[in-house]
Amino acid sequence: MSNNIIGLEFETLVPDVINARTLGDSLPRGGSSHLVDANSNWETKGDGSLRPNRDEQGVEYVTPRHRWNTQCVGWLFEVCSIMRGSGVRVNNSCGFHISTSTQQMNPQQCHNFFQLAKRYQQAFY
């Protein structure tokens, strides 16, 4: 899947004392060689489906689109570390979504991918 294009969405709970948009603007975009559009940035938006505490806000952070490779894993750890260090947290109302392009996959690879997702879906809950 090294040529696949991915986008990630982090559903989070952000303390009210933090400007969620400023935090989103400060998150690393990842290696420029992996970005699909060099001018793209994180998208920050409110998420009313989440259940924050009274002093929090539900916020979804959406990454710029990337060409997936193993270096992206280090970038994800960096992003999560920054969020955690800023007081961002999650609860059981939050989710993590991975969107992937299937344009580079043949029909058998698409079938295998969806079977894998179906088979191991519960491992992520």
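Predicted model: local features only at pLDDT ≥ 70, side-chain atom pairs only at ≥ 80, totals over all residues.
Local features were taken at pLDDT of at least 70 and side-chain atom pairs at pLDDT 80 or more, while totals for chains, interfaces and linings use all residues. Residues are numbered from 1 along each chain as its sequence is written, and side-chain values use heavy atoms, with hydrogens and water left out.

The protein chain holds three helices and five strands. Both kinds of element are DSSP runs numbered from the N terminus: helices are H or I runs of at least four residues, and strands are E runs of at least two. From the N terminus on, their order is β-α-β-β-β-α-β-α. Along the principal axes, the C-alpha atoms fill a box of roughly 50 × 35 × 20 Å. Of the 125 residues in the chain, 35% are buried. Buried here means under 20% relative accessible area, exposed means over 50%, and partly exposed lies in between (1.4 Å probe, protein chains only). Among contacts with a separation of 6 or more, 78% join residues 24 or more positions apart. A contact requires heavy atoms within 4.5 Å.

E1 pairs with E3 (residues 56-62) in the antiparallel sense, over seven bridges. Two strands are taken to pair if DSSP finds at least two bridges between them. Five bridges join E1 to E5 (residues 96-100), again antiparallel. Two bridges link E1 to E4 (residues 66-67), also in the antiparallel sense. Individual partners can be named. Isoleucine 6 is bridged to histidine 66 in E4. Phenylalanine 10 faces tyrosine 61 in E3, and its bridge partner in E5 is phenylalanine 96.

In the largest nonpolar core, which has 17 residues, Phe10 and Tyr61 touch the most other members. Such a core is a set of buried Ala, Val, Leu, Ile, Met, Phe, Trp, Tyr and Cys residues joined through side-chain atoms within 4.5 Å. Two or more residues each come from E1, helix H1 (20-26), E3 and helix H2 (71-85). H2 gives the most, with five residues. In soluble globular proteins, nonpolar side chains tend to be buried together.

The 15 residues of H2 should span 21 Å at 1.5 Å a residue, and the end C-alpha atoms lie 22 Å apart, which agrees. The expected span is 1.5 Å times one less than the number of residues. Cys72, Trp75, Leu76, Val79 and Met83 of H2 are buried. Viewed down the axis of H2, the buried residues fall within an arc of 100°, so they line one face of the helix. The arc is that of the directions from the helix axis to the C-beta atoms. Cover for these buried residues includes E1, E3 and E4. On the face turned away from the buried side, H2 carries the exposed residues Gln71, Phe77, Arg84 and Gly85. Just after H2, glycine 87 adopts a positive phi of about 95°.

Rings of Phe, Tyr and Trp (its six-membered ring) pair if their centres lie within 6.5 Å; planes under 30 degrees apart count as stacked, over 60 as edge-to-face and the rest as tilted. Phenylalanine 10 is buried, at 7% relative accessibility. Tryptophan 42 is buried too, at 7%. The rings of phenylalanine 113 and phenylalanine 114 form an edge-to-face pair, because their centres are 5.5 Å apart and their planes stand at 80°. Phenylalanine 113 is partly exposed, with a relative accessible area of 27%, and phenylalanine 114 is partly exposed at 48%. Ring pairs also join Phe10, Trp42, Trp75 and Phe96 into a cluster.

Lysine 45 lies in strand E2. Lysine 45 is partly exposed, with a relative accessible area of 35%. Leaving aside neighbours within four places in sequence, lysine 45 contacts Gly58, Val59, Glu60 and Val62. The C-alpha atoms of lysine 45 and alanine 20 are separated by 8.5 Å, with the two residues 25 apart along the chain.
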